[in-house]
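Here are my notes for your first look at this model. Please keep the structure open while you read.

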Amino acid sequence: MMIGRRLSTIASMAIKCNVVADIGTDHAYIPISLVENGTATKAIASDIAQGPLDKARSNIGAKALSGSIETRLGSGLDTLEPGEADVIVISGMGGILMRDILIRGEAVSRSATQLVLSPHSDIPEVRRFLVESGYFIVDENIVKEEGKYYFILDVRNVKPADTDDKISTLGMCDNDYLFGNCLKRKKGSIFGEYLMREIDKSNLIIKTLNVNSPMSPRIQELNDYIKQCKEALEIWRKENLRS
């Protein structure tokens, strides 16, 4: 089974566990991968729609893993009981929906050891919600697949003892919520490339607005965003220049 860079990165960030639950599982590629490689002993593949769940069940059967991976139909974390899953993966959806799922299923999410989250939008809002709700973002990765950048967060209910406070503690400023302390201090990632693209995109929009709507308040918003991008880029560059 071949899975893309985004899904393989999500799977690589899951810690070894007894039971992993994949919310919005679609084809069940992540639970299949985690059970096959021994990261999880068992898995729960959950989806809100019957069609994707039928595909998941077919893929699980093709791998002869029906005894290890259970499929469940339902919304968000409603398909789980508190304490049932050690690791919960939620990906492939917008950040606001993901936040709402965590709020509604708080008893379940709080009982897990790890959440692996990959929101497709509103990522600063997700980071802010997690920090203000008392979760710990202990790591974050960025991957590029088919021209799009994806962010994947390693979230814990209890901060591991060996976690660097400078990396795990977010919320000190808006820049932390926008881009994440972990990524700004991670060496060798494509984070710098992402920031440069964001700066170029914003400058292009400003040029268009200057021609068509020179008094638009959006221009100031974009200039402020560029400033934030450059601040994060400077931190990332300094970190990557260190030996």
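1. Start with a term. Buried means under 20% relative accessible area, exposed means over 50%, and partly exposed lies in between (1.4 Å probe, protein chains only). By that scale Asp122 is partly exposed, at 34% relative accessibility. Its phi is near 50°, a positive value in a residue other than glycine. Asp122 is found in the loop between β5 (114–119) and α6 (123–132). Helices (H or I, at least four residues) and strands (E, at least two) are DSSP runs, numbered from the N terminus.

2. Know the ground rules. This is a predicted model: local features need pLDDT of at least 70, side-chain atom pairs count only at pLDDT 80 or more, and totals for chains, interfaces and linings use all residues. Residues are numbered from 1 along each chain as its sequence is written, and side-chain values use heavy atoms, with hydrogens and water left out.

3. Look at Ala28. Its phi is near 65°, again positive in a residue other than glycine. Ala28 sits in the loop between β1 (17–23) and α2 (29–36). Ala28 is buried, with a relative accessible area of 0%.

4. Check helix α11 (residues 217–241). Buried residues of α11 include Leu222, Ala232 and Trp236. The buried residues of α11 pack against α8 (174–179), α9 (181–184) and α10 (191–212), where contact means heavy atoms within 4.5 Å.

5. Now the rings. Rings of Phe, Tyr and Trp (its six-membered ring) pair if their centres lie within 6.5 Å; planes under 30 degrees apart count as stacked, over 60 as edge-to-face and the rest as tilted. The whole structure holds 6 aromatic pairs. Phe129 and Tyr135 form a tilted pair, 6.4 Å centre to centre with 45° between the planes. Phe129 and Tyr135 are both buried.

6. Which pair is stacked? Phe191 and Tyr194 are, at 6.3 Å centre to centre and 20° between the planes. Both lie in helix α10, 3 residues apart, about one turn of the helix. Phe191 is buried at 0% relative accessible area, and Tyr194 is buried at 10%.

7. Finish with charge. The charged end of Arg110 sits over the ring of Tyr135, 3.9 Å from its centre. This label needs NZ of Lys or CZ of Arg within 6 Å of the ring centre and within 35 degrees of the ring normal.
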